[in-house]
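Visitor: Please take a close look at a single part of this protein. I would like the surface view, then the setting around that part.

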Amino acid sequence: MAKDTLQQFLAALVGAGHITYEQFERHPVAWQVICSIYDDAFSEIAFTDFFWHVRNMMGPIFRLADVVDTLPKANIIHSVAAGYGGMLGALLRTRQPDSRYMLTEHGLYTKERVIDLLVSAWLKTPVNVLVQGLEIELSPFRELWINYFRQLGNAAYQQADAIYS
């Protein structure tokens, strides 16, 4: 996701008149983004299946956006990982642009999520990473979830003023 697109997305979650989780599936811009992602990369699967996965992915993001609304002004924001904690930092940095955002990342969170997703039974076609390795063709849902966690990390990295490992 390009930095300007990410900025617009984060602002839509925490800016004035921001989109709520209840509005998400009916909001014209959100709907356009969902359809565009589906058409570009996931049209081989049923749209309803794709949509429900995306909806479930967005729930935690909207909860984090709600948390941002309750937090006091901060001079320094710190996240210890690039996952949901990093997304919280990215959202807070967007809401409080005068704050400094520091990310302490060890490079493990996204890798651990990818491994979890590769062996997860709740996604179709579980993968034996010990036999097949990490360079395999992924099912569309597995790919969708892996990209989701990578985008969480990207949001944290792009919003951070300083990154320490």
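Guide: A definition comes before the view. Patches are built from residues with over 30% relative accessible area and no salt bridge, and nonpolar side chains are joined within 5 Å. Note also that this is a predicted model.

Now the part itself. Val29, Val33 and Ile37 make up a nonpolar patch on the surface.

Next, the helix. Val33 sits in helix H3, which spans residues 28–42. H3 has a crossing with helix H4, residues 47–70. The two axes come within 11 Å, at an angle of roughly 125°. H3 is therefore oblique to H4. The handedness of this crossing is right-handed.

Helix H5 (residues 84–95) and helix H8 (residues 140–159) have axes that come within 8 Å and cross at roughly 45°. That angle makes H5 oblique to H8. Here the crossing is left-handed.

Finally, the whole chain. The protein holds eight helices and three strands. Along the sequence they follow the pattern α-α-α-α-β-α-β-α-α-α-β. Of the 165 residues, 41% are buried.

Notes:
Residues numbered from 1 in each chain as written. Predicted model: local features only at pLDDT ≥ 70, side-chain atom pairs only at ≥ 80, totals over all residues. Heavy atoms only, no water. Patch = residues over 30% accessible without salt bridge, like charges linked within 9 Å, V, L, I, M, F, W, Y side chains within 5 Å. Areas by Shrake-Rupley, 256 points an atom, 1.4 Å probe, with all protein chains shown as cover. Salt bridge = Lys/Arg side-chain N within 4 Å of Asp/Glu carboxyl O. Helix = DSSP H or I, 4+ residues; strand = E, 2+ residues; numbered from the N terminus. Axes fitted to C-alpha atoms, helices over the stretch in contact; angles between N-to-C directions. Parallel < 35°, antiparallel > 145°, perpendicular 65-115°, else oblique. Left-handed = near helix turned anticlockwise from the far one by under 90°. Buried < 20%, exposed > 50% of the residue type's maximum accessible area, 1.4 Å probe, protein only.
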